[in-house]
Structures are given as C-alpha cells and as structure tokens.
Amino acid sequence: MRRYGKHTDEDDIRQRPNRKGTRPRTTIRPKHEDAVEGMVLTVDRGRLTCLVDDRIVTAMKARELGRKAAVVGDRVSIVGDLSGERDTLARIVRIGERSSVLRRTADDDDPYERVVVANADQLAIVTALADPEPRPRLIDRCLVAAYDGGLSPLLVLTKSDLAPPDALLEMYGALGVPYVVTTRDEFVDGVAAERVHEHLKGRTTAFVGHSGVGKTTLVNALVPPERRRTTGVVNAVTGRGRHTTTSALALPLNDKEGGWVIDTPGVRSFGLHHVDPSRVILAFPELVPGTENCPRACSHDEQDCALDAWVAEGHADPARLVSLRRLLSTRERREGD
C-alpha cells in the first residue's frame with residue numbers, strides 16, 4: 001500500500017475514475033437560483049402536476065431530494081421547461097416548509113406514516129347519517145389527525161333525510177367543532193354546497209371520509225364544471241361505496257376568493273401510529289394549564305392524572321375532558337368497534 005509523507009503534493013494523489021464520464025464527482029449541489037415557485041395539485045406514479053402562475057406543469061422530483069417526497073398542497077421550487085406544453089417535463093428541486101401536515105398510517109401497528117396533504121388549514125370530515133351508517137370511531141381518528149397536524153376540523157353530515165343528526169351532534173358538541181347538516185335533495189339543488197362554501201372561503205380545505213358518503217359529489221359542486229371528478233354509488237349489499245377517487249387532487253373553489261379544496265381517496269381505516277398524544281391536548285387550551293402537575297409521560301387517562309382535580313375545581317367543563325380522553329383512546333380501538 002502506498003504511503004504519503006507530511007508534504008504530499010496533490011499531483012501525487014491518485015483519483016478514482018468516474019465510470020459514467022470524465023467529470024469529477026462532487027458533493028456541491030446547484031442552488032437553482034432561477035427556480036420558480038409552484039403548488040403541487042396531484043401526484044401520479046412519480047409525475048407531479050403543479051400550478052405555476054396560471055399554467056399547469058408536469059414535473060418530477062429531482063434526484064438530489066433523495067427520499068423526500070412532495071405531496072398535494074406542497075409549495076415547491078421548479079426548474080426546466082415550465083411552458084406547460086404537452087410532453088414537457090420540469091424538475092422539482094426544493095420543497096418548501098410545511099405549515100400543516102395531514103398524516104395517516106395503514107393501521108395502528110404500522111410505523112410507516114403517509115403524508116396525505118400538506119399546507120391545508122382545515123379538514124372537512126364528511127360522513128353520512130345513513131347509507132352507509134356513520135362510523136364515530138373513524139370520525140374520532142380524523143379529528144385526532146387534524147389536531148395533531150395543525151388543521152381545524154369541520155364536520156359535514158350528509159343524508160339527514162334518512163336519519164336524524166342529533167346523536168352525532170350531541171357526541172361532538174363538547175368539542176366545539178363547526179358542522180354542516182345536509183340532505184340528498186340539497187346536494188341536487190346546490191344548497192348543500194352553498195352551506196359548506198361559507199366555511200371554505202379563502203382557506204385550503206382537505207376533504208376526507210369513507211366511500212359512499214357524498215364527499216366527491218360535494219367537492220364537484222364546489223369547483224368549476226371542467227374540474228369535476230367521477231363519482232360512484234353505494235353497494236346495496238355491503239353498504240359500502242366504491243372507490244372512484246384514487247389520488248388526492250387540489251382544486252380551486254368556484255369563486256374569486258382564492259380558496260382551495262383537496263379531494264382525497266375514500267378511506268376505510270385511519271391509523272394513528274404517528275400521533276403524539278401531547279399535541280392532541282393543544283386543541284383543548286383550557287385543559288393545558290391543568291397538565292402542569294401531571295406525572296412525567298402522563299397519558300391524561302390514568303389514575304394520577306392532574307386533569308381530574310383541575311376540572312373538579314371548576315377550571316373547565318367536565319365534558320371537554322371526557323371528549324379529550326375519548327380521542328386519546330382511539331388508538332386502542334379499531335374503527336369498526
């Protein structure tokens with residue numbers, strides 16, 4: 001083996017040849033100072049559809065981003081062909097800092113988290129009151145994901161002409177979640193969209209819900225006709241809807257106030273393996289001061305939790321503590337329980 005002295009000349013050091021060409025290897029990455037900002041509208045098999053100014057541009061992730069993936073709602077920096085013409089392809093070289101993240105896992109035992117949507121500030125949880133039957137545990141899980149990810153929840157109850165909403169509204173009343181109740185007829189004549197639209201103005205709202213609840217139908221009523229998506233029907237035997245939405249898609253609202261809706265695929269499970277329980281309680285600001293005397297790593301649902309005394313002293317509504325503990329316990333229960 002060749003050894004070098006203290007005063008080795010650089011010319012004496014051998015360099016490993018680059019098999020792919022004559023250019024020397026380097027760890028210095030280009031700064032891409034000419035990159036243009038855009039927003040990811042949808043992702044399909046490695047191709048990302050982005051909005052750049054008023055143009056739709058197809059792009060792919062640059063190699064230097066490694067495993068970091070862009071998702072719907074991300075603000076990205078793009079270089080290359082930004083004309084938006086057919087068969088052109090640009091590159092995403094940077095992904096901006098996210099203000100919020102909606103995440104889920106396949107189930108509570110799966111450590112691999114999936115980022116569904118980025119930079120949304122509201123989560124509309126759409127559920128039918130009948131056909132298919134409502135699933136409160138799934139609603140609870142969506143609420144936990146919203147609180148953990150920094151999104152404000154909105155409850156949208158559909159098909160109230162088939163079943164009354166009273167039981168669900170009573171269950172979530174202590175949470176103070178805003179809600180909209182609609183009927184099937186109101187979906188047809190546009191009244192449902194008008195009511196929901198009042199909660200969407202100037203905001204970016206992600207829509208979630210299991211198949212068959214009318215989620216995509218509602219989204220279609222909120223966006224321009226040329227942007228509408230295919231919808232399906234509920235299976236009369238299983239009571240489940242058919243997945244017609246297979247990927248998340250950001251769509252502009254049908255107005256001039258700059259709002260966006262993000263339609264997501266129907267879900268049948270919503271794993272919470274990634275959730276930090278300490279973030280969920282932030283949605284209950286009147287309970288946060290009561291945790292100062294909690295034991296270390298308190299789950300807020302155990303015998304020595306200081307929240308019991310805090311509430312008993314009249315600092316908060318007992319129903320709020322019950323709601324918090326119900327949400328925190330969702331990881332121990334399956335959605336169909």
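**The interior, with a contrast**

Modeller: Asp-53 counts as exposed because its relative accessibility is 60%, where exposed means over 50% relative accessible area, buried under 20% and partly exposed in between, with a 1.4 Å probe and protein chains only as cover. This is a predicted model, in which local features need pLDDT of at least 70 and side-chain atom pairs count only at pLDDT 80 or more, while totals for chains, interfaces and linings use all residues. Residues are numbered from 1 along each chain as its sequence is written, and side-chain values use heavy atoms, with hydrogens and water left out.

Asp-53 sits in the loop between β2 (47–52) and β3 (55–61), where helices (H or I, at least four residues) and strands (E, at least two) are DSSP runs numbered from the N terminus. Although Asp-53 is not a glycine, its phi is positive, at about 55°. Asn-119 also has a positive phi, near 65°, without being a glycine, and is placed in the loop between β7 (113–118) and β8; at 9% relative accessibility, however, Asn-119 counts as buried.

Turning inward, buried residues make up 46% of the 337 residues in the protein chain, which has eight helices and 13 strands. The largest nonpolar core has 53 residues, a nonpolar core being a set of buried Ala, Val, Leu, Ile, Met, Phe, Trp, Tyr and Cys residues joined through side-chain atoms within 4.5 Å. Leu-123, Ile-125, Leu-143, Leu-175, Phe-270, Leu-287 and Leu-324 are the residues with the most contacts inside this core. Helix α1 (residues 136–149) gives the most to the core, namely eight residues. A second, separate core has 21 residues, among them Val-126, Val-180, Leu-218 and Val-223. In soluble globular proteins, nonpolar side chains tend to be buried together.

If neighbours within four places in sequence are left aside, Ile-125 is in contact (heavy atoms within 4.5 Å) with Ile-139, Cys-142, Leu-143, Leu-154, Leu-155, Val-156 and Val-208. Ile-125 also lines the largest cavity, together with Val-126, Thr-127, Leu-138, Ile-139, Cys-142, Gly-209 and His-210. A cavity here is a set of points, on a 1 Å grid over the protein atoms alone, where a 1.4 Å probe fits but cannot get out, and lining residues have an atom within 4 Å of a point. The lining divides into five nonpolar residues, three polar and no charged, with Ala, Val, Leu, Ile, Met, Phe, Trp, Tyr, Cys and Pro taken as nonpolar, Asp, Glu, Lys and Arg as charged, and the others, Gly among them, as polar. Between β8 and α1 runs the loop that holds Pro-132, and Pro-132 is joined to Asp-131 by a cis peptide bond with omega of about 5°.

Eight of the 11 residues of α8 are buried, so α8 is largely enclosed by the rest of the structure. Those eight are Arg-320, Leu-321, Ser-323, Leu-324, Arg-325, Arg-326, Leu-327 and Leu-328, and their cover includes α1, α2 (166–172), α6 (277–280) and α7 (307–312). Ser-323 itself counts as buried because its relative accessibility is 3%, and, apart from neighbours within four places in sequence, Ser-323 is in contact with Ala-174, Leu-175 and Phe-284.

Helix α5 (residues 215–222) is likewise largely enclosed by the rest of the structure, because six of its eight residues are buried: Lys-215, Thr-216, Leu-218, Val-219, Asn-220 and Leu-222. Leu-222 is touched by His-197, which also touches Leu-253 and Asp-255 when residues up to four places away in sequence are not counted. His-197 belongs to helix α4 (residues 191–197) and counts as buried at 15% relative accessibility.

Terms used
1 Å grid on protein atoms, 1.4 Å probe; cavity = no way out; pocket = protein on both sides within 12 Å on 5 of 7 lines; lining within 4 Å.
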